[in-house]
Amino acid sequence: MTRPALTPGQLCSLLALCCLAMVGYRLHQLLPVEQWLTALHAPRDERIDQIVVHFSLLPRLCVALLGGAALGLAGTLMQQVLKNPLASPTTLGVASGAQLALVVVSLWAPGWLVAGREWVALLGGGLATLLVFALAWRRGLAPMAIVLAGLVVSLYLSAVNSALMLFYPERLRDMFIWNAGSLIQNGWAGTQFLLLRLGLAAAAMLVLLRPLALLDFDDQGARNLGVSLRQLRFATLAIAVFMTGCVVSQVGIIGFIGLASPAIVRLLGARRLSHRLRWAPLLGALLLLATDLLLQFGSGPLATLLPTGAATAALGAPLLLWLIPRLSLQGDRAPSAHMAYLHRHPAPKRLLMLLALALALGVVIALSLGQARAGWHWPSPGGLIEAWPWRAPRVAAAAASGLMLALAGTILQRITGNPIASPEVLGISAGAAIGVLGVILLTPLASQGASLLFGTLGALLTLAVLILLNRRNGLAPQRLLLSGVAITALFDALQRLALADNSPRTQQLLAWISGSTYYVDGTTALIALAIAVVLLIATLPFHRWLDLLPLGEDSAHALGLNVRLSRILLLALMALMTAGATLVVGPLSFIGLMAPHMARLAGLPDARSHLLGAGLIGMLIMVLADWLGRVVAFPDQIPAGLVASLIGGAWFMWGLRRL
Amino acid sequence: MTSASPRPAATRRPTAESAFHPLSSRHRSWRLPLVLLLVLCSLALTPVQADDTQPTPALISLDWSMTETLLAIGVTPLGVAAPESYARWVGAPAIPAGVHDIGLRDQPNLELLARLDPDGIVTVSFLAGDSRLSRIAPVHAFDIYTSSRDPWQRALKVTRQLGRLTHHEQGAERLITRVRQQLAGARRKTRSDQPPVAVLQFIDNRHVRIYGEGSLFQAVFDQIGLTNAWQGDVNNWGFRQLGIDELARLPADTRLLVIRPLPTTVNGQLEDNILWQHLPAVRRGRVHELAPVWSFGGLASMARFAGEVAQALPATEGATP
């Protein structure tokens, strides 16, 4: 790597100067210079401007600095322990665990909140982290296993969370803001809370400093030096989680600081742990402070609350995208051995027939079995005809999107040779969703055509960005995946920003994001189905490429394949399918991840039967998810995308545990 | 006559929200027949002046302000959206037993709607864009909260339109008269030199919603002669989310009206909220908690709020330092 243009110290000084200037300007806005000192140490009760400076502005600055430093420190620790430059508090499920816990408690046990929001948040974050650890336990808490499990747990908990916010928008008003991380303060209590707990955590960390530094060597080396790796990882992660939990419970979800500041510091040449531990917290603190100050100036004219946490995430995501090709990633390859469960079903044709039969059965159930006021019932033939126009389009749309996502997932997993690749994970769904979100928020009239167009454009643009950024390393699977995670995070941030407004309009946004077939009418369903079938037919001839690509670039090349061309063609097909499906069921579902997995587990290793099997499974799950969503909470309806991610996420977590 | 037809102005110029959902196909085709139908209906109704003896149509209400207004003019709908949450957030008038729950406001259960076979569906225009609703029954979209920001006038109009639609013109007029009386009563009780008031709801102990131009609360203030202390920008729904530090920008003599329910984390915790305690209004004891009012409600909610305000303000007048 070339020598970086800046040292971490220079960058921090630069940022600190900017922050100082902004703080000065902000103070100047609020108070005449001669009163600054009074406001600082002894504000007069009857002077509200001094009070605001003393009890709002100053604690807000402190909380920004403390929170940013804590997240930077937590990120550094996590990255050191997991040996993964992309580990961070938010990617390990801590934030979403805390978030879900708060939602659940405020709905069903609000009394607990009085005992302390922070304890509920800590409990939730801790439980989520334990779940992540449990899932990765079998593999000795190996770095990649933990990050994977964290990602899946995060997505899963967010899905549950969205479902609850969809049903109780009025009661969860605070969560809409908390999700987007607001640093606004109402006194010094938040600062004291953070100072005390972060101080304790930092002290505990000092004890671990020496063994942690040994992790700069490889695992074997560290073990030879007498370090119990499992205990060390556990203790360090526990400290990092505790710090994250404290910050998150005070100010909500702050994206990316924990990920970006250690990564930037590393990029600027801080290689040794002691170096990183010095600069990453400082950079994190300054980054968060700078963002927060900028937003304080910006939120006036915009007539809306601009929460800082979502903003750092939105600003951080492009930064991460830029960083990824520049990071040196240890072992730049897919997590090993995943593609290895290659047992083959003795009669793939019979298996496919069985799956088709199951799908037919599922469709029959979805069309006929329903709930009414009197309870469950099979309708009479007359009732069936009556219900047909309401159920058929939804079943068809669910099947179509399931098929498209499953095919897209199969293609991706085979191209990248990575079993956790999927349109959802790669950010293609998120790209499509950003396109649609843009149309919805920025144009007064969002027609269906415009949404489809911009959704597809979003998916294609995301794909182009992915390819451009990763072109130099020949679309290496791992980096593709990481770029995808960054794009998903960008969408997540934008969505949080949009939802923080919590007006009647955001409610509809939430409904769409959750992925419902509710809005599909007959025509749309037919179009979706037709597109799905056409794309299936278009994909099948490429099955030889898909058989060769997972063998690795060299082998595929040796067997006469133009690797780059075939990858780009297949990826374009995949983007189309993803955009189509995302428009119908939103960006959340796990189908693209799960269906190809299940088909492979069932013993369909060759590309052709893999595609068909995954397609059938995708359709089956989606149809059942849609049906469940329609009948379980009757007359309310749970979006199919949510149900699918609940089922799929659970299944996937179970699968992870066994890997 | 036709100017007062139930055909709302809002459907003619679709707002951003009417076509909000990417998949809610906006078929204009249903509108023309619907307009004709409604015009015919209103023409047919004119000769029979205010005849409450005609059978009441079985209506579905997808919006709480419509549900509230229907109940207040004496019409029990066949089905309503989200009745449980209505009971919590709107409260009165209560929904009688036997009214069908037809699902969420944004996503009513269409299959159930079709099975109930209503005579009409009453909703707000940003939820009325779904062509499938009009296949089930004629859709009547009424808006109280629009970009014209005159909820009082619109609430009067919507109440009358609902009265005509349900053959309860007299019920509608009775409601309007009652509400006018209540507002006049509130106006008499309120001193004319009353300092400005601000209406807010706590989101959590650091954030509030403050209501301004275009909100229910502003409409009531206009009617009873109060000045809203918050003159800043608000969103299309007449509110803005703020950090409580920004409440310091309100005029020093402002009275704060806090709409209950308070979130659990705020209720009983305000003593520890240092910034809140230092706000001029709080220090002078000029804070009043009011009973819950649905902030996007109709006439009945407005009257209830007016009553609450009138009761709260003079009662503490003597205590003002």
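Student: How do helix 6 and helix 11 of chain A pack?

Tutor: Helix 6 (residues 117-137) and helix 11 (residues 229-251) of chain A pack at an angle of about 135 degrees, and their axes are 8 Å apart. That angle makes helix 6 of chain A oblique to helix 11 of chain A. Under 35 degrees counts as roughly parallel, over 145 as roughly antiparallel, 65 to 115 as roughly perpendicular, and the rest as oblique. Axes are lines fitted to C-alpha atoms, for helices over the stretch in contact, and angles run from 0 to 180 degrees between N-to-C directions. Helices (H or I, at least four residues) and strands (E, at least two) are DSSP runs, numbered from the N terminus.

Student: Where does the model come from, and how are things numbered?

Tutor: This is a predicted model: local features need pLDDT of at least 70, side-chain atom pairs count only at pLDDT 80 or more, and totals for chains, interfaces and linings use all residues. Residues are numbered from 1 along each chain as its sequence is written, while chains are lettered from A and ligands numbered from 1 in the order in which they are written.

Student: Back to the helices. Is the crossing of helix 6 and helix 11 of chain A left-handed or right-handed?

Tutor: Helix 6 of chain A crosses helix 11 of chain A in a right-handed way. A crossing is right-handed if the near helix is turned clockwise from the far one by less than a right angle, and left-handed if anticlockwise.

Student: Which residues make the contact?

Tutor: Helix 6 of chain A brings residues including A:R117, A:A121 and A:G125. Helix 11 of chain A brings A:V241, A:T244 and A:C246, among others. Contact means C-beta atoms, placed from the backbone, within 7 Å. By class, the contact has five nonpolar, seven polar and two charged residues. Ala, Val, Leu, Ile, Met, Phe, Trp, Tyr, Cys and Pro count as nonpolar, Asp, Glu, Lys and Arg as charged, and the others, Gly among them, as polar.

Student: New topic. What are the domains of chain A?

Tutor: Domain 1 covers 8-311, and domain 2 covers 350-423 + 502-658. Such bounds come from an automatic or database domain assignment. The C-alpha centres of the two domains of chain A lie 36 Å apart. Their contact takes 17 residues from domain 1 and 18 residues from domain 2 of chain A.

Student: Which helix gives the most to the domain 1 side in chain A?

Tutor: Helix 7 of chain A, with 12 residues. That side of domain 1 of chain A has 14 nonpolar, one polar and two charged residues.

Student: And what are the domains of chain B?

Tutor: Domain 1 is 2-178 and domain 2 is 191-319. Here 21 residues of domain 1 and 19 residues of domain 2 of chain B form the contact.

Student: What about sheets? What is the order 8-7-6-9-10 in chain B?

Tutor: That is an open sheet of five strands with mixed pairing. Strands pair if DSSP finds at least two bridges between them. Strand 8 (239-243) and strand 10 (287-290) of chain B are the edges. Strand 6 (residues 197-202) and strand 9 (residues 255-259) of chain B run parallel over four bridges. B:V197 has B:R255 as its bridge partner in strand 9 of chain B.

Student: Which open sheet of chain B has parallel pairing?

Tutor: The five-stranded one in the order 3-2-1-4-5. Its edges are strand 3 (100-101) and strand 5 (139-141) of chain B. Three bridges join strand 4 (residues 120-123) to strand 5 of chain B.

Terms used. Two residues are in contact if their C-beta atoms, placed from the backbone, lie within 7 Å.
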